[in-house]
Every structure is written in structure tokens, then in C-alpha cells.
Amino acid sequence: MITEEITSVPALVAGEWRHDGPSLDRVGPYLRRVVSRSIAATPADVTRAVRYAPDAARAVARISPAARADVLDRAARLAEQRRERLAAQLALELGKPVKDGRGEIDRVADTLAVCAAEARRIGGELLPVAGWGRGVGNTALTYRAPAGVTLAITPFNAPANLLAHKLGASFAAGNTTIVKAPPQAPASSAALVSLLLEAGLPVEAVQLLHGGGDVGARLCAADEVAVISFTGSAATGAAVARAAGPKRLVLELGGNAATIVCEDADIPAAARTCARTGYSNSGQSCISVQRVYVQRERFEEFTQALAAEVAKLRVGDPLDEATDVGSMVDEEAAERVVRWTAEASAGGASILLGGTRDGATMYPTVVADPPASASVVVNEVFGALVAVMSYDTFGEVVETCNQSRYGLQAGLFTRDIGRVITAWRELQVGGLVVNGSSNFRLDHVPFGGVKDSGFGRESPRWMIDDYTVVKTLLLRGSSVFGEEGA
């Protein structure tokens with residue numbers, strides 16, 4: 001049920017919740033009214049947060065991996081219990097259909113549970129130094145130590161689960177984390193931080209600041225910060241890197257995901273999958289189906305099947321159980337998709353469905369045969385639009401896909417294992433989904449891109465590598481492998 005209440009969202013700075021000061025209003029894109037009001041971080045808040053963080057990092061590092069894992073396991077169970085409440089908050093702040101919100105919270109629970117498991121696995125190595133002459137008679141050991149202070153800058157499109165990845169993995173590794181929440185989802189972000197604290201996360205382990213790019217830039221430049229994990233656009237990622245200087249970075253940036261449909265594919269199944277995954281969260285995902293390349297002899301069959309499936313999607317109130325497509329993040333974002341659709345049409349494309357909006361709600365749009373230079377082909381749409389194009393040979397379509405400056409993830413529908421291996425090897429992407437669209441992710445599998453899609457890999461196991469430093473111990477004159485040379 002929709003209420004007229006405005007959720008007040010405090011900041012958490014230096015171990016204290018702050019409820020007063022300048023505020024930021026978030027207008028729900030579907031309701032078109034203020035739904036949450038957060039306390040904006042001031043320059044003094046940023047200074048206080050980064051000065052507090054080093055001592056906090058030392059306190060967190062003293063907590064055993066087992067104790068950290070127990071906290072994360074409890075948080076995972078709490079996320080399951082709060083599923084409905086958290087999903088409703090996502091619907092209010094972002095216009096995300098509540099059933100998709102539930103899916104995100106299910107993933108939060110899974111991600112936190114995986115973080116717990118990975119915390120228990122953190123260890124080190126006994127290195128085979130005695131295999132080389134100068135190493136004979138010596139022993140070398142390593143272990144992974146916490147990096148110290150991490151900064152998590154999270155996006156609006158999946159604010160709960162991506163915060164779970166960043167904060168959960170950072171705590172699993174033994175760090176303290178400063179979270180810069182997205183202005184579009186302050187209440188959803190604060191709810192997850194509060195849930196973790198309720199599960200036993202020590203207050204030293206997290207700080208939560210609200211604000212825009214100015215807050216993020218100050219935090220990135222802070223000498224106290226050792227690691228930055230950022231998810232967002234390529235342009236903002238470049239700004240993060242410039243502000244950060246010589247810090248360790250994990251950047252998960254934009255995408256322009258391609259899905260290839262070969263002539264041997266199950267066309268109805270491929271069309272159903274692309275329809276479902278091209279418009280979930282109104283297409284606001286870095287791996288959302290954006291470009292679909294179909295072998296020419298199956299092109300008409302596929303486009304007709306796709307349009308028929310997309311036409312079945314229900315657009316409307318994100319809190320309605322039947323809604324498939326809610327609102328985009330704001331009206332400006334929806335208008336951009338309308339404008340790019342019109343540009344493609346002027347260039348000769350056929351608009352099979354959509355192309356219009358109602359406020360921030362973009363009606364699902366299918367664009368057939370746009371020119372290769374169209375914005376819907378070249379740029380990241382990040383909206384409720386799928387462009388469908390034809391190709392002749394498999395080598396040609398791989399080359400076409402690789403012309404994008406992005407390289408996050410791709411999809412491939414085929415029964416030919418040779419094509420699968422070729423695509424895995426030749427496509428310039430971080431991941432390939434076979435007999436599925438580009439828009440599929442498992443939270444315990446490495447995820448990240450190449451080219452302008454960033455570097456580093458998300459998912460707890462791989463993020464812990466970035467959130468820790470390898471420390472080496474050399475024991476001279478002592479070895480279990482023998483102490484004499486040949």
C-alpha cells in the first residue's frame with residue numbers, strides 16, 4: 001500500500017547517526033512526489049569521516065574471520081525476513097516493480113551469505129621457495145591482510161545488492177567502509193546499513209554519507225582511503241580515477257550489451273528471454289539486452305516474435321504485483337530514450353513498439369534496423385529499449401559486436417559448440433552467457449568488463465582479493481623441505 005509518508009534518512013558519520021542539517025529530497029519517479037529525505041554530507045562531514053576511518057579500520061581488523069562471517073550470515077537471514085519492506089522501498093524510490101525488488105533482496109541475502117563463506121576462507125600460502133637454489137633452507141609464507149579503509153560508491157539501479165557486494169566483501173576482508181549512497185536511493189541504502197548493524201556489524205565497520213558528485217570526489221581524493229569500488233557510468237568512473245590518484249580501484253562501468261541469435265537458435269525461446277531481460281528494471285542495467293543481432297534468414301521471425309512478447313509486458317504502478325515495467329529513474333532519463341528513438345527513426349529504423357513516455361515511465365520500445373551510427377547502437381541506452389539488427393556470417397557479427405567501446409557481457413543463442421568457443425575467445429567482453437541473453441548474473445561468479453566497461457571483478461571472492469593486501473614472511477635458515485643444496 002502506498003502511503004504519503006516521507007522517509008527520513010540520516011547519515012552515519014564517525015559512529016553516530018546524524019539527523020539534522022541540510023537535506024536532499026528524492027522524488028519517486030512513479031508517484032511524482034517526495035518519498036525520502038536524506039541528510040546531505042557537508043565538507044566537514046567528509047573530513048570527519050575520513051579522519052575517523054583509520055582507527056575504525058584497526059578495530060575491525062582485530063575481529064576474527066569467524067566472527068565477521070557470523071555477522072554476515074545473520075544479516076543474510078534478516079534480509080530474507082525484511083524482503084517485502086525492502087522491496088517496497090525500492091519501488092517507491094526508483095519505480096522498480098515490486099516483484100523485481102523482491103528478486104533484488106533475494107540476491108542481497110545470497111550475496112551476504114556468500115560473503116560470510118568467503119570470510120571463512122581467507123588465509124595464505126606456503127610458497128615453494130626451496131625449488132630454486134637461493135631459496136634452499138628458507139621458508140616463505142603469505143597471508144591476506146585487510147587493506148584498511150575502503151570507499152564504496154554505489155549506483156541507483158541495484159542499490160541494495162550492489163551495496164551488499166561492496167560492503168559485505170569489504171567487511172568479510174576485515175576493513176572499514178565509507179559508503180557514498182546514490183542520491184536516488186538513500187532510504188534503500190540506509191535500510192541495508194541498518195540491517196547489517198542490527199545483525200551485529202560493529203559501528204566502526206561502516207559510515208554512510210549522502211550527496212552528489214562533490215561528496216564522492218572529496219572521498220576519492222582522501223589519503224586515508226586505500227581501495228575504491230565504484231559502479232556507474234564510464235564518464236563518472238573516469239572522474240573517480242582522476243580524483244583517486246594512485247589508489248587501488250575496482251570500476252564496474254557502463255555497457256552496451258549485445259546478444260547474438262544464430263540461425264540454429266530456438267527463436268521463440270530467444271525472443272521470450274530477450275523480452276523479459278531487455279525491459280526488467282526498465283532496461284536500467286549495465287548488462288540489459290540492448291543490441292540483438294539475428295542471422296538474416298531468421299530476422300523477420302525473431303523481430304515479430306520479440307514484438308509479440310514485449311507487447312505482453314504490463315506497464316504501470318511498481319507496487320502492483322502484475323507490473324512488469326515500472327518507471328525509469330527520472331523524467332530526464334526517459335526523455336533521452338524517447339529522443340534517441342526518434343533519432344533512429346529519422347535514420348531509417350522501424351519503431352515496432354513504444355517510443356513514448358508518460359513522465360518517467362518509458363513504454364517498452366523495439367527498434368528494428370537502426371543505422372550503425374545511431375545512439376541506440378553506439379551508446380549505452382540504459383532504458384526500456386531493445387534494438388534488433390541482422391547479420392550474415394558469424395565472423396562478421398563478432399567483429400560488429402567488438403566495435404563497441406564497451407565490453408561487459410554478451411549473450412549467445414546457438415547449439416553449435418564451435419561457435420560458443422569462438423565467441424568466448426573472440427568477443428571483447430568480461431563474460432558470455434550461452435543460450436541466454438546478456439542480462440544474467442550469478443552473484444558468486446566473477447563479474448566485470450574490459451575496455452570502457454572498467455576493470456577488476458565484482459563478486460565476493462574476487463572483491464576480497466582487491467580489498468586485501470598480500471603480506472609475506474621470510475624465515476631464513478629454516479625449512480621443512482631440507483636445508484642442503486646439491
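Tutor: A search of the whole structure, which is a predicted model, finds one aromatic pair. Its partners are phenylalanine 156 and phenylalanine 382. The geometry is edge-to-face, with 5.9 Å centre to centre and 90° between the planes. The cut-off for edge-to-face is over 60 degrees, so the pair falls in that class. Phenylalanine 156 is in the loop between β8 (149–153) and α5 (159–172). Phenylalanine 382 is in the loop between α12 (375–378) and β19 (385–391). The pair therefore ties together parts that are 226 residues apart in sequence. Both phenylalanine 156 and phenylalanine 382 are buried.

Follow phenylalanine 382 into a cavity. Phe382 is one of the residues nearest the centre of the second largest cavity, along with Gly283, Ser285, Ser288 and Gln290. This cavity has a volume of about 60 Å³ and a lining of 13 residues. By class, the lining has six nonpolar, six polar and one charged residues.

Serine 282 deserves a look here. This serine sits in the loop between α9 (267–279) and β14 (291–295). Its phi is positive, about 55°, although serine 282 is not a glycine. Its relative accessibility is 1%, so serine 282 counts as buried. Lysine 451 also has a positive phi of about 55° and is not a glycine. Lysine 451 belongs to strand β23 (residues 450–451). With a relative accessible area of 35%, lysine 451 is partly exposed.

Back to the cavities. Five of them reach 30 Å³ or more. The lining of the largest cavity divides into eight nonpolar, five polar and one charged.

Cys401 leads on to isoleucine 260. Cys401 is among the residues that isoleucine 260 touches, leaving out those up to four places away in sequence. The other contacts include Tyr293, Tyr391, Phe394, Leu412 and Phe413. Isoleucine 260 belongs to the largest nonpolar core, which has 102 residues. Ile260, Val261, Val292, Phe302, Leu306, Val376 and Val388 touch the most other members of this core. Apart from it lies another core of 29 residues, among them Val13, Ile39, Val50 and Leu219. In soluble globular proteins, nonpolar side chains tend to be buried together.

Now an open site. The second largest pocket has a volume of about 530 Å³. Its lining takes in 27 residues, with Thr7, Arg85, Leu86, Gln89 and Ala191 nearest its centre. β1 (7–9), α3 (83–94), α4 (98–121) and α6 (186–198) each supply at least two residues of this lining. The lining of the pocket divides into 15 nonpolar, five polar and seven charged residues.

Arginine 26 lies in strand β4 (residues 23–28). Its relative accessible area is 8%, so arginine 26 is buried. Arginine 26 and alanine 187 are 161 residues apart in sequence, yet 9.3 Å apart in space, C-alpha to C-alpha.

Key: Residues numbered from 1 in each chain as written. Predicted model: local features only at pLDDT ≥ 70, side-chain atom pairs only at ≥ 80, totals over all residues. Heavy atoms only, no water. 1 Å grid on protein atoms, 1.4 Å probe; cavity = no way out; pocket = protein on both sides within 12 Å on 5 of 7 lines; lining within 4 Å. Points joined across faces, edges and corners; volume = space filled by probe spheres on them. Helix = DSSP H or I, 4+ residues; strand = E, 2+ residues; numbered from the N terminus. Nonpolar A, V, L, I, M, F, W, Y, C, P; charged D, E, K, R; others polar. Buried < 20%, exposed > 50% of the residue type's maximum accessible area, 1.4 Å probe, protein only. Core = buried A, V, L, I, M, F, W, Y, C linked by side-chain atoms within 4.5 Å. Contact = heavy atoms within 4.5 Å. Phe/Tyr/Trp six-rings, centres within 6.5 Å; stacked < 30°, edge-to-face > 60°.
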